[in-house]
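Please look over the model below before reading my comments.

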Amino acid sequence: MSSVAEKVKELRSKTGAGIMHCKKALQESSNDLDQAVLWLRKNNLNQALKKSGRKAKEGVVASYIHGAGRIGVLLEVNSETDFVARNTDFQDFVRDLRLHIAAMSPSYIKEEDVPAELVEKEKNLFSEQAEKKSKDPKVKERISAGLYKKWLETVCLLNQEFVRQNQEGPKETVGVALSQLSAKVGENIVIRRFVRFALGEESS
């Protein structure tokens, strides 16, 4: 995937804006992600950010047992109203999310939830790995950033590629799917917490 496509994907995850709006925002912002977010806000196109400040206290607590009782998931997803919590799209998302967590075993919901000491440890490790591959500072930085991004995709739920995919469109992350659901139902939707149990695993 090209760097432009990756930025479009990340911008959609952050804002819930459409693909064409994200492309336009990046063009207007010289491919600077933070400036692109500001451009979308100024042009009233950031669906997810507009809703993110609203409180979500309704929703559901859902469970899932897989493999004849070998894996279990308990999940809370919140909406602003009970009406949306009963919505078919919301319910389908929660059901698919339970399956995703069981299959992909994320450790955190989003990057901000990862302990700072763990982030520092991993970044140092990736820098050491990049050092072995190249002596060019820019190349090393690019390699290290790529390794860190891949790592986030393994440990953070919102960064993971959603196991439920739209066969007609591009693959999307859980974060993008969440933003799209929020835009569709017109409410702030929050993945509040989850826990995944696997038979025989020790608690972290």
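The numbered points below take the sheet first, then the packing around it.

1. Basis. This is a predicted model, in which local features need pLDDT of at least 70, side-chain atom pairs count only at pLDDT 80 or more, and totals for chains, interfaces and linings use all residues. Residues are numbered from 1 along each chain as its sequence is written, and side-chain values use heavy atoms, with hydrogens and water left out.

2. Sheet order. Three strands make an open sheet, ordered β1-β2-β3, with antiparallel pairing. Edge positions go to β1 (58-66) and β3 (190-198); each has a single partner strand, so one side of each lacks a neighbour in the sheet. Neighbouring strands are turned by 10 degrees against each other on average, direction ignored. On terms: helices (H or I, at least four residues) and strands (E, at least two) are DSSP runs, numbered from the N terminus. Two strands count as paired if DSSP finds at least two bridges between them.

3. The β1/β2 pair. Nine bridges join β1 to β2 (residues 71-79) in the antiparallel sense. His66 has Ile71 in β2 as its bridge partner. Ser63 stands opposite Leu74 in β2. The two strands, β1 and β2, form a hairpin with four residues between them. In that turn, Gly67 has a positive phi of about 65 degrees.

4. The β2/β3 pair. Here β2 and β3 pair over eight bridges, again antiparallel. Glu76 has Arg193 in β3 as its bridge partner.

5. Axes are lines fitted to C-alpha atoms, for helices over the stretch in contact; angles run from 0 to 180 degrees between N-to-C directions. Contact means heavy atoms within 4.5 Å.

6. Leu178. This residue lies in helix α9 (residues 174-185). Leu178 is buried, at 12% relative accessible area. Leaving aside residues up to four places away in sequence, Leu178 touches Phe93, Leu158, Ile189 and Ile191. Leu178 and Leu158 are 20 residues apart along the chain, with their C-alpha atoms separated by 8.3 Å.

Notes. Buried < 20%, exposed > 50% of the residue type's maximum accessible area, 1.4 Å probe, protein only.
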